[in-house]
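Please keep the sequence and the model in view while reading.

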Amino acid sequence: MKKIAWGAITLLFVAAIVLGQAQQKSDERFDSLVRDDFFAGMDGDTARFDRAMKTCEEELAKNPKNAAAMVWHGAGLYVKGGITIGKGDYANGKPMVSRGGQEMADAVALDPESVQTRIPRAAMYIGAARKMADTYSKPILELAVGDYEKVLQLQQSYFNTLPTHSRGELLGGLAEGYWRLGNYEKSTTYLDRLIKELPGTPYERQAKRWRVDLPKVDRQEHFCLGCHMGGNS
């Protein structure tokens with residue numbers, strides 16, 4: 001099967017699943033129903049990606065206010081719209097991107113105190129911003145860092161007990177988001193936290209490298225280190 005050219009936006013599902021592990025264990029998360037199919041879609045299995053979208057749609061048909069299903073469905077639409085635009089089909093792609101963004105916004109509005117809505121939208125927008133001009137990326141980056149800041153607030157009481165990967169991806173996402181916005185002071189704050197709180201890890205090494213000269217970091221770089229780190233590292 002031909003692999004889909006998802007590009008940088010594939011990082012949505014890496015970040016969303018890894019960071020989703022930070023949800024308290026007692027919570028049953030909707031993403032557990034769709035994540036494997038979404039990951040298979042990232043590897044080119046369009047049938048499984050479509051199945052994940054159908055799972056979201058079936059859940060929303062039963063419960064239109066299921067915010068977790070809504071944010072994942074919106075993220076999927078955003079991805080599909082971006083791919084359609086990449087093929088030159090703006091007429092069909094733009095409405096999908098717009099609808100996906102609205103669904104993600106609606107999901108966050110329905111459940112603003114949940115990492116299940118905040119993390120997927122933030123990860124999606126930071127991934128998408130990597131391929132955009134600054135003029136277009138600024139509004140979605142501002143939403144993304146706001147979402148991640150909210151997640152950090154929600155996790156404050158137990159953040160230090162989370163796996164290295166969960167902490168590194170969240171702090172790294174904030175560092176990258178602020179860096180892309182040109183707010184080097186805020187970005188440096190999170191890079192310094194990574195250095196201090198995650199010594200001896202790839203996150204510390206990455207943060208130290210970026211910390212040398214933030215304005216000179218290549219705009220095609222990203223801080224996310226991916227799912228290869230593992231949830232318990």
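## Surface and burial

The protein exposes about 11,100 Å², and carbon and sulfur atoms supply 50% of that area. The model is a predicted one, and every value given here is computed from it. Of the 233 residues of the protein, 53% count as buried.

## Overall make-up

The protein has 10 helices and 0 strands, and its pattern, when read along the sequence, is α-α-α-α-α-α-α-α-α-α. Among the contacts between residues at least 6 apart in sequence, 63% join residues that are at least 24 apart.

In soluble globular proteins, nonpolar side chains tend to be buried together. In this model the largest nonpolar core has 56 residues, and those with the most contacts inside it are Tyr78, Leu191 and Leu194. The largest share of this core, 10 residues, is contributed by helix H4.

What surrounds leucine 194, leaving aside its neighbours within four places in sequence? Leucine 194 is in contact with Gly168, Leu171, Gly172, Pro199, Tyr203, Glu204, Ala207 and Phe223.

## Helix H4

Helix H4 covers residues 67–86, and its 20 residues reach 28 Å from the first C-alpha to the last, which is close to the 28 Å expected at 1.5 Å a residue. Because 15 of the 20 residues of H4 are buried, the helix is largely enclosed by the rest of the structure.

Both ends of H4 have a local feature that can be located in the model. At the start of H4, a side-chain oxygen of asparagine 66 comes to within 3.2 Å of the backbone nitrogen of alanine 68, whereas glycine 88, which follows H4, has a positive phi near 90°.

Which residues does each of them touch, once neighbours within four places in sequence are left aside? Glutamate 103 is in contact with Met70, His73, Gly74 and Leu77, while the contacts of methionine 104 are Val71, Gly74, Ala75, Tyr78, Arg121, Met124 and Tyr125. The C-alpha atom of methionine 104 is separated by 9.7 Å from that of alanine 122, a residue 18 places away along the chain.

Side chains of opposite charge can pair when their charged atoms come close. The structure holds 16 salt bridges, and among them is the one between arginine 130 and glutamate 176, whose closest N and O atoms are 2.7 Å apart. Arginine 130 lies in the loop between helix H6 (115–129) and helix H7 (134–154), and glutamate 176 lies in helix H8 (residues 164–180), so the pair ties together parts that are 46 residues apart in sequence. Are the two partners buried or exposed? Arginine 130 counts as buried at 9% relative accessibility, and glutamate 176 counts as buried at 1%.

Another salt bridge joins the side chains of lysine 186 and glutamate 149, at 3.7 Å from N to O. Since lysine 186 lies in helix H9 (residues 184–197) and glutamate 149 in helix H7, this pair ties together parts that are 37 residues apart in sequence. Lysine 186 is partly exposed, with a relative accessible area of 31%, and glutamate 149, at 22% relative accessibility, counts as partly exposed too.

## A further pair and a network

The side chains of lysine 216 and aspartate 213 meet in a salt bridge with an N to O distance of 3.9 Å. Lysine 216 is exposed, with a relative accessible area of 69%, whereas aspartate 213 is partly exposed, at 31%. Elsewhere, salt bridges that share partners join Asp37, Arg48 and Arg51 into one network.

Technical notes
Residues are numbered from 1 along each chain as its sequence is written. This is a predicted model: local features need pLDDT of at least 70, side-chain atom pairs count only at pLDDT 80 or more; totals for chains, interfaces and linings use all residues. Side-chain values use heavy atoms; hydrogens and water are left out. Contact means heavy atoms within 4.5 Å. A salt bridge is a side-chain nitrogen of Lys or Arg within 4 Å of a carboxyl oxygen of Asp or Glu. Helices (H or I, at least four residues) and strands (E, at least two) are DSSP runs, numbered from the N terminus. Buried means under 20% relative accessible area, exposed over 50%, partly exposed in between (1.4 Å probe, protein chains only). The expected span of a helix is 1.5 Å times one less than its number of residues. A polar contact is a pair of N or O atoms within 3.5 Å; within protein, one must be able to donate a hydrogen and the other to accept it, and residues adjacent in sequence count only if both atoms are side-chain atoms. Accessible areas come from the Shrake-Rupley method with a 1.4 Å probe; for residues, only the protein chains shown count as cover. A nonpolar core is a set of buried Ala, Val, Leu, Ile, Met, Phe, Trp, Tyr and Cys residues joined through side-chain atoms within 4.5 Å.
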